[in-house]
Structure formats: C-alpha cells, structure tokens
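Subject: Handover of a structure and notes on it

Dear colleague,

Please find below the structure that I am passing on to you. My notes on it follow directly after.

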Amino acid sequence: MGAVIQSVDNVALLPAYLAAGTAVLVLLADLLIGRRGATVAVFAAGAAATALGAVLVGAAGSRRTFCAGDDCSYLANGRAALVGCLFALLTLGVLALSVPLLRSGQVPPGEYCFLLACSMTGGVVLGAAGDLITLVVALETLTLPLYVLVGLRHRSVAGAEAALTFFVVSVVATAITLLGAALLYAVTGAVHLSRLDAVFTAEANRPVALDGGFPAGPALLELPLTVVAVALIVLGLAFKVAAVPFHAWAPATYDGAPVPVAAYLSTASKLGGVVALLAVTAAALPARVTGPLLAAVAVLTMTVGNLVALRQRRMVRLLAWSSVAQAGYIVAPLGALALSSGRGAEAIDTAVAAAVAYTVFFVLLELAAFGAVVALRPAVADGGEIADYRGAARRRPWVGAAFVLALVGLAGLPPGLAGLFAKVTVVRSLLAGDAGWLAVVVALNAVVGLAYYVRVAATLYAPEPAAERAGDAAAAPVVPAADPGAPAAPGDGSPVPAAAPARPAWAVVAALALATLVAIVVGFAPQLILDVAAL
C-alpha cells in the first residue's frame, strides 16, 4: 500500500497559528515580565492579530489543508473566517470586561489570559473543522479552559460549585458525542463531513443491495444503529448551546462564575456549540433523522427558557435563561429539516444562513448586556438582584441606554434592529421550508420574552426609593459586609458590597460602546451578515 501524503497549507492555518501563539506568548510574558499590564497587552495584541489573520485568509478565497484525496480536515472559507474573527473579537471584548476583575487581585492575570487564549484557539479551529475528530477536539479545546475560568476566583465557594457542575455535565455530554461519532464510523466507515454527506446521499438514491448483502439505500438510514448514532451526536452537541433538556448547568454556572466569564460562556461558548451543531447537521448527518429531533429541541428550548426567565430575580440568572431561549431561536431554522420540503439544497442553505446570522446578532447583543452589568456592578461582585439595578439608568444614562438597547434587541423590538432582523430572518427561513407551525411557535415565544425584557428595562429607569435618595443607609436592602474586599457570590455566604462602583473602568466602557455600536451598524445593514453566513 502506498503512503498517503497530506498537503499542508500554512496560509490556511494562519489564524490557528496566531491564536495558539498568543497563548504561548502570554505564558512567556507572565513568566519573564511578571506584570499584569504586559500580560494583558500581549493577549490583546494576539487576539487582534488573530482576528485580522482570519479576515485576510477569508478574503483570499477558500483554502483546504490536511487533505486525503477530496476529503479535507481543515477548510478555510468565508464562514470559517467569520467564526474565527468572531471568536477573537469576543475574547478581546471579554478581556476588556475583565479589567476590573484583574485589578482586584481575585484572579491571577497570567493564568486567566492563558486560559482565554487557549479557548480562543479551539474556537478558531472549530470554524474550519472538516471532520468529526477535528470538530470534537476543537470543541473540547474551547470548553476545557472554561472549567478552570469558572472556578478561578479566590475564596469563592459558588464558583467552585459551578465549575464542578459544569465539568461533570460537560464530560458526560462529550462522552455521548464521542459514542455517537464512534457508532457513526462503524456504520459508514467515514469521519470527514463531506464523505458522510456523500455516503448518506448516495445511499438514499441507491435502493439496491451491495455485493455481500450489505444494506444500502433507505435501509441504511433505517438501521437502529444509524439513528442512535445520529441522535447521540446531536444531543451531545446540544449541551454546548444549553438546549433543553441539556440546559440545567447554564444558570448555576453563569451565576457562580465571575461576570466576565459568564459573558464568555454566554457568547463564545454558545457560538462554538452552534458552529459544531450546524457543521454536522447541515453538511454530514441525514436530515430525515436530525430534522424532527432539532424541531423538538427548538420548541422545548425556547419555551422552557422564556417561561423560567419570567420567574427570575437575579440578573445573571435571567440573562442565562434568556440565552437558553435564544438557543431555541438559533436551532429553530434547522427544525425545517423535519419536513421533506425543507430538505432541498436551497432551503438548507437558507436555514443555515439564518442560524449563523441569528448567532452573530445574538452574541453582539449578549456581550453588550453583560458589559452593562459589569459597568453597573462593583469589580468583585456578582450580577446581583434585578432590584439592585433600580434607577441605574438615571445614575448612568449612557450605560443604561446601552443596556436597554441590548435588552430590546434580544426581545426583537425596534430600535434594536439587530434583534428585530434576527427574528425576521429565522421566521423567513422557516416559511421558506414550509415549517409555518414552527414560525408560529417562534412568534409566540418572542411575545412571552417581552415580559421579562421590558421588566428589566423598566427597573433601570424606575425612580429610586426615597430612602436611598436621602442617603438613608439603614433603609437600603443590602447586607453590610464584614470584609468589603471579599468576593461576592450567591449561596456561599459572601455579602454583596453596598456601595456602587465610583466609575466603570475605561476598558469596560470601551467594550460596551463598541459592542453597542457594532450592534447598531449591523442592525442597519443586516444583509452584510447574511451574505457572509451564506458563503
């Protein structure tokens, strides 16, 4: 047997090289210089270079590497460039939100930046993954550092509990995904996404038995082993987007983690899950199996997320349940695959573009929402109660306006045009796939979501109690802290600091302003995102 020689295109791998190099340079800067400012500067420069590299490689056209014949494990195309650029910019934004936390001394800056860089590397590679092995490894490279980041804060029992919960559930989900991938390989003998697509397409069009009696055509798709393998892969990846019934980890983990880490979980981590789910459902697995499963997951996810969010009293938990509901909207376009009319090439392309575009709009608005929470809270505090934000927009008009714009956008109302066009894009893709019933479910859930988004917006602009305006500390609903410098975390006995921060850090304000500005721009020009997502 002749040796198989795989071609290696180093230009295609440039974004991955830059992301991995950032992690190495952060370690060296922390070891050799040992100053927080130098470590953060190296990380920021590396993340910016990664984003630029992804854009340049994507603009140069599609490239492929690690190829064996026509099957390649790494595909650097427009969509991979969009994903890589998004991961790099989201990581850079989360770093800006983390400046107050790093200054407080509650987390070591070297380890914090290194873990973020490692996670960014996984996300950049994930966008270009062309086979199941690369996809799973990249997804775990994205996720593994987050276990440590969630519990990295000193003396936080809630953070340790959240990290342990996240770790245990994630390991189970990964095992389910790997089992499904192994069973799928046993059935098809392929791991490349393009090869899997070709196998299932060929088998569906060839209803005769092969030599030796091996079942072909529709019989292959009806094998119990095939159905189980596909279901395990989809359900294992559904954990990464916090889709029901694999969502229970998200609220506790978000609320126990530092707020900037919760922002990263809600944006970059969810983006990774969506990319992985889209890669296998749109380009590899049989639609007749994944369609009904994704339709059921979408309905359950958006409904449960919205209904439970109505009962929340803590800000981060509300945003967590909101992100669960948003995951349902993201998955909804793929539910059109449940119908034969939604499985045409054009309908599938429309559904994938809608899911990618909605994800881009969502992560921008979600980052802005968490940025506002960081700007309105003390550096070492958690997200606090929703009641703690009463009148916050009156004290900080610009931060409050950005927060309300993000909430309105997540609700899908004007003037949050990014969120409005995101909902319209999803509904339009469902109608194009003749899944009108699912479009109705999306519309009804959007109406339910208005209740808690409007409630938070109203709280931000509500007048402050007279006792607080008069400076009556005894009437303030905050327990005084024995140690004001102790980190606050729900459920571990740590008090919430009574005093609001004097002024948010400039990096937080810059990140919030930039995220809001980009959300406004893409709201006025949503077709730019749709065009890139359709590549």
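Where is Pro245 found? Pro245 lies in the loop between helix 10 (224-238) and helix 11 (249-256). Please note at the outset that this is a predicted model. The peptide bond that joins Val244 and Pro245 is cis, with omega at about 10°. The loop between helix 10 and helix 11 also holds Ala242. The phi of Ala242 is near 60°, a positive value in a residue other than glycine. Ala242 counts as buried, because its relative accessibility is 0%, and the cut-off for buried is under 20%.

Overall composition

The protein contains 22 helices and 2 strands. Of its 535 residues, 57% are buried. Among contacts with a separation of 6 or more, 77% are between residues 24 or more positions apart. The accessible surface of the protein is about 20700 Å², and carbon and sulfur atoms account for 69% of that surface.

The nonpolar cores

The largest nonpolar core has 173 residues, and those with the most contacts inside it are Tyr112, Leu184, Phe403, Leu430 and Leu460. Helix 15 (residues 345-376) gives the largest share of this core, with 22 residues. Another core, of 8 residues, lies apart from it and includes Ala47, Ala54, Cys85 and Met120. As a general point, nonpolar side chains tend to be buried together in soluble globular proteins.

Which residues does Phe403 touch, not counting residues up to four places away in sequence? They are Met315, Ala369, Ala372, Val373, Leu376, Tyr389 and Leu460.

Helix 7 (residues 157-188) has 32 residues, which at 1.5 Å a residue should span 46 Å; its end C-alpha atoms are 46 Å apart, so the two values agree. Helix 7 is followed by Gly189, which has a positive phi near 75°.

Helix 19 (residues 436-461) has 26 residues and should span 38 Å at 1.5 Å a residue; the end C-alpha atoms of helix 19 are 38 Å apart, which agrees.

Cysteines and strand 1

How many disulfides does a search of the whole structure find? The search finds 1 disulfide. This disulfide joins Cys67 to Cys72, with an S to S distance of 1.8 Å. The link of Cys67 and Cys72 is right-handed, with 105° about the S-S bond. Both Cys67 and Cys72 are buried.

Two further cysteines may be of interest to you. Cys113 is buried, with a relative accessible area of 0%. Cys118 has a relative accessible area of 17% and is therefore buried as well, given that the cut-off is under 20%.

Phe66 is placed in strand 1 (residues 63-68). Phe66 has a positive phi, near 55°, in a residue other than glycine. Is Phe66 buried, partly exposed or exposed? Phe66 is partly exposed, because its relative accessible area is 30%, and that class lies between the limits of 20% and 50%.

Pro260 is found in helix 12 (residues 259-283). With a relative accessible area of 6%, Pro260 is buried. Leaving aside neighbours within four places in sequence, Pro260 is in contact with Val94, Leu97, Ser98, Tyr112 and Val374. Tyr112 is also among the residues with the most contacts inside the largest nonpolar core. Pro260 and Ala96 are 164 residues apart in sequence, while their C-alpha atoms are 8.8 Å apart in space.

Trp398 has its place in helix 17 (residues 397-411). Why does Trp398 count as exposed? Trp398 counts as exposed because its relative accessibility is 77%, and exposed means over 50%. Trp398 and Val509 are 111 residues apart in sequence and 9.6 Å apart in space, C-alpha to C-alpha.

Yours sincerely

Terms used: Residues are numbered from 1 along each chain as its sequence is written. This is a predicted model: local features need pLDDT of at least 70, side-chain atom pairs count only at pLDDT 80 or more; totals for chains, interfaces and linings use all residues. Side-chain values use heavy atoms; hydrogens and water are left out. Helices (H or I, at least four residues) and strands (E, at least two) are DSSP runs, numbered from the N terminus. Buried means under 20% relative accessible area, exposed over 50%, partly exposed in between (1.4 Å probe, protein chains only). Contact means heavy atoms within 4.5 Å. Accessible areas come from the Shrake-Rupley method with a 1.4 Å probe; for residues, only the protein chains shown count as cover. The expected span of a helix is 1.5 Å times one less than its number of residues. A nonpolar core is a set of buried Ala, Val, Leu, Ile, Met, Phe, Trp, Tyr and Cys residues joined through side-chain atoms within 4.5 Å. A disulfide is a pair of cysteine sulfur atoms within 2.5 Å.
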